[in-house]
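Please walk through this protein with me, one region at a time. Keep the model open as you read.

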Amino acid sequence: MSFRSPRRVDHYRVLRSDGKPSFSSSKYVNEGDAERVSSKPPVTGSKTLPLIEALKIMSEKKVRSVVVKEPRDKYWGVLLVEDVLNYLGGGELYDIVLNRFDGDINKAINISIGEIGRKGFPFVRITDKLDKVVGLFLSEQIDLVPVVGNEERPIGVISVHDVLRYLRGLKIGRKVKDATIGFIPLASYSSTLRETIKQMSNSGLRFIFVKNEADQIIGYVDYRAIINYFASGQAIKNSLKGSLEESLMISVGELVRTGMLVVSEDTMLEQALELMLDKNDGFALITKGDKPVGILTEYDVFLSLMSGE
């Protein structure tokens, strides 16, 4: 199975010819970094955990992954929010809902997470250095890895957010416009949740901005809003006939969030990163003057920091 994100990073020279990241600093690369940098303990679940229970845990803990375990707590793989969105209407996993469960929402949300999770997803060990973690992020184009200890038992998770927080204060020396993605993922207020989930899955992003009839951006919808919609039981309430498809026909405007982070393209990346880490959203809308011109994610800042250019 490929673990790569649909997003591409080939416009950065982030790996040397030996496959290691361009980033290097003895101050920040030491044995045991994986344990120090990781968020602990990880949110875990067995392969047989029903999806709806996993969603409730993800909603409560405010996380975007569940580390999946074999019997005796041995590492098996992960369930990522990308897998959840794929399954709940965004991609090919939705065929399981239609073909096996005939679209039944109650059956669909009680599938075992081992059936839609990622077995053998890359991981690191507690003794690994930071450059091993960074190398995996770059070579596999992922932004999260579990950390395992003795007997391959999960003890934590490292995300790009964790790495950036650990490296907080390092000088990047570039402006936001040097790392901005020059498009804005947009959904209309009246778009259905199904359409929006598909759009998010296809873009490889965990958020989308929402515009009104005047084409003004009024907020955003992210993976947390979608997880909460199902975890809270609201999706079932909106499915009067018991169909998952029916629950996905609500207007995405019903889930819109306000208070998005907006940053000028002339802001230094270090400053933008501080704002993103403080807000804990992982992305920002980038403007030139008063006009939105693109987006910046923590992963884009990470790539810029690791490129060493």
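Three strands make up an open sheet, in the order S11-S12-S13, with mixed pairing. At its edges are strand S11 (262-264) and strand S13 (291-297), each pairing on one side only. Neighbouring strands are turned against each other by 40° on average, direction ignored. Strand S12 (residues 283-288) pairs with S13 in the antiparallel sense, over six bridges. Within that pairing, Ala284 stands opposite Leu296 in S13.

Now look at what crosses this sheet. Helix H12 (residues 269-279) lies across S11, S12 and S13. The helix runs at about 75° to S13. Between H12 and S12 comes a loop that holds Asn280. Asn280 is not a glycine, yet its phi is positive, about 65°. With a relative accessible area of 45%, Asn280 is partly exposed.

This is a predicted model, so confidence deserves a check. The pLDDT averages 90 over the protein, and 89% of the residues score at least 70. Residues 1-19 are another matter: over this stretch the pLDDT is below 50. The stretch still has 53 contacts in the model beyond near neighbours in sequence. Where pLDDT is low, the predicted coordinates should not be read in detail.

Next comes helix H9 (residues 223-231). After H9 comes Gly233, with a positive phi near 90°.

In soluble globular proteins, nonpolar side chains tend to be buried together. Here the largest nonpolar core has 47 residues. Leu51, Leu79, Tyr87, Phe230 and Leu244 have the most contacts inside it. H9 gives the most to this core, with seven residues. Domain 1 (12-167) and domain 2 (176-307) each supply at least three residues to this core. Apart from it lies another core, of 44 residues, among them Tyr75, Val147, Ile158 and Ile286.

Take Leu244 in the largest core. Leaving out residues up to four places away in sequence, Leu244 touches Leu88, Tyr94, Val97, Gly103, Ile105, Ala108, Phe230 and Ser239.

Phe123 sits in the loop between strand S4 (118-119) and strand S5 (124-125). Its relative accessible area is 25%, which makes Phe123 partly exposed. Again leaving out residues up to four places away, Phe123 touches Tyr75, Leu136, Pro146, Val148 and Glu152. Phe123 and Val148 are 25 residues apart along the chain, and their C-alpha atoms are separated by 7.1 Å.

Finally, some backbone details. Most residues other than glycine have a negative phi, and most peptide bonds are trans. Lys62 has a positive phi, near 60°. Lys62 lies in the loop between H2 and strand S2 (65-69). Is Lys62 buried or exposed? At 67% relative accessibility, Lys62 is exposed. The peptide bond from Lys40 to Pro41 is cis, with omega near -10°. Pro41 lies in the loop between helix H1 (33-37) and strand S1 (44-46).

Technical notes: Residues numbered from 1 in each chain as written. Predicted model: local features only at pLDDT ≥ 70, side-chain atom pairs only at ≥ 80, totals over all residues. Heavy atoms only, no water. Helix = DSSP H or I, 4+ residues; strand = E, 2+ residues; numbered from the N terminus. Buried < 20%, exposed > 50% of the residue type's maximum accessible area, 1.4 Å probe, protein only. Contact = heavy atoms within 4.5 Å. Core = buried A, V, L, I, M, F, W, Y, C linked by side-chain atoms within 4.5 Å. Domains from an automatic or database assignment. Pairing = 2+ DSSP bridges. Axes fitted to C-alpha atoms, helices over the stretch in contact; angles between N-to-C directions. pLDDT = per-residue confidence, 0-100.
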